[in-house]
Amino acid sequence: MLEQFFKLRDHDTSVRTEILAGLTTFLTMSYIVFVNPDILSSTGMDKGSVFVATCVAAALGSLIMALVANWPIGMAPGMGLNAFFAFTVVAQMGYTWQQALGAVFISGVVFVILTVTGAREWLVAGIPPSLRSAIAAGIGLFLGIIALGSAGIVVANPATKVGLGDLTHAPTLFAILGFFIIAALGALKVRGAILIGILAITILSILTGHTQFQGIFSAPPSLDPTFFKLDIMGALNTGFFHVILVFVLVEVFDATGTMIGVATRAGLIRPGNPGRLGRALLSDSCAIVAGSMLGTSSTTAYVESASGVQAGGRTGLTALTIAVLFLLALFLSPLAAIVPAYATAPALLYVACLMLRELVDVDWDDITESVPAAIAAIAMPLTYSIANGLAFGFISYVAIKALSGRFRDIHPATLLVAVLFVIKYALFPA
């Protein structure tokens with residue numbers, strides 16, 4: 001049955017290979033079940049409920065990917081947008097987490113419409129590659145400053161804005177050690193390096209008395225505190241427009257780039273033949289909508305899926321395996337509850353470092369391309385907002401191109417986004 005449904009023979013693979021590939025991908029992306037609850041619970045959301053929502057959203061998203069697209073791509077709440085959700089939309093802008101979930105829901109619906117109508121291709125094609133690369137790097141820098149703050153390495157300083165924390169503080173030292181462990185294991189290409197690092201620091205914290213052990217396995221916590229608690233009408237507030245715009249733009253870029261990259265490596269996409277990319281993107285957008293109902297930030301395709309492809313994964317059976325493993329992870333709630341912030345901070349910092357490699361794709365020889373890209377990347381951590389970084393990048397791109405006599409180089413999609421951000425700042429400058 002599996003052979004016929006997933007067309008294993010057509011893809012020159014087997015049940016055993018696909019299951020091993022799914023396990024490989026799961027190990028590389030499962031850190032999200034510890035990191036996402038830690039980030040989103042800072043908004044006041046119930047940590048146990050977010051843990052369940054994260055696991056179920058990842059399982060549901062991966063299942064949809066398996067059954068609809070038949071691609072070996074794992075889905076889960078994405079890094080970057082979860083931080084934007086918690087630290088910008090809720091903490092900085094003062095909206096409720098229920099409204100933020102409403103914004104995620106609306107962005108998912110917009111993503112569905114863009115995918116079904118084909119407008120997504122127009123939007124993606126219209127965004128300058130340099131700016132697209134800088135957005136990914138800027139999100140990395142944003143995650144980096146959050147990670148350094150959580151670890152106690154960077155602290156507030158009234159004289160210099162930020163300063164160095166107490167490097168003799170035990171949790172800070174644990175975080176530094178965790179980062180070295182993850183980076184070293186990553187260099188050695190050990191599967192699940194991030195997960196191992198998080199668990200190692202958590203165990204060390206327990207052994208030294210900084211964290212109280214509460215067990216490993218139990219029945220999953222209740223999903224009720226976040227289930228269907230999204231405030232869609234509150235998110236339709238006019239001041240929320242640019243938040244939804246940011247969610248949509250990052251979701252579109254992130255999902256499209258990840259899927260094309262992983263699918264190309266798997267031989268599922270060839271020049272002139274996008275394969276099932278449309279179905280895969282529809283799966284992604286549906287997962288975003290479902291995740292918001294469960295109580296988590298935007299669900300997206302994980303670039304870690306490339307590890308499963310490297311292990312031989314070629315079909316949706318790999319994604320199905322990932323879905324099953326995320327459901328099994330539901331019974332690890334006691335472990336997830338005791339993972340301290342300084343154990344997940346090294347994971348955030350490591351992911352941030354990996355995202356910075358996108359800067360190599362910026363056209364540094366063209367000032368009209370490189371300067372807007374640099375501004376976008378710099379503004380995200382320094383304004384503590386992915387939204388501001390996106391806005392500054394798009395607006396400066398259009399302004400510099402126009403003033404240097406190269407207005408015709410500006411794609412209508414880029415111009416449209418820049419104008420929308422200008423309107424936002426004119427009407428809602430705060």
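How many aromatic pairs does a search of the whole structure find? I got 10, counting Phe, Tyr and Trp rings (for Trp the six-membered ring) with centres within 6.5 Å.

Before going on, I noted that this is a predicted model, where local features need pLDDT of at least 70, side-chain atom pairs count only at pLDDT 80 or more, and totals for chains, interfaces and linings use all residues. Residues are numbered from 1 along each chain as its sequence is written, and side-chain values use heavy atoms, without hydrogens and water.

I looked up F84 and F247: they pair edge-to-face, 5.4 Å centre to centre with 75 degrees between the planes (over 60 is edge-to-face, under 30 stacked, the rest tilted). F84 sits in helix α5 (residues 81-90) and F247 in helix α12, 163 residues apart; helices here are DSSP runs of H or I, at least four residues, numbered from the N terminus.

Next I checked F392 and Y425, a tilted pair at 6.1 Å and 40 degrees. F392 is partly exposed at 34%, and Y425 is partly exposed at 22%.

I also found F87, F142 and Y384 in one aromatic cluster.

Then I turned to F247's helix. α12 (residues 241-265) packs on α6 (residues 97-117) at about 50 degrees, axes 9 Å apart, the axes being lines fitted to C-alpha atoms over the stretch in contact, with angles from 0 to 180 degrees between N-to-C directions. F247 is among the α12 residues that meet α6 (contact is heavy atoms within 4.5 Å).

Conventions
Helix = DSSP H or I, 4+ residues; strand = E, 2+ residues; numbered from the N terminus. Buried < 20%, exposed > 50% of the residue type's maximum accessible area, 1.4 Å probe, protein only.
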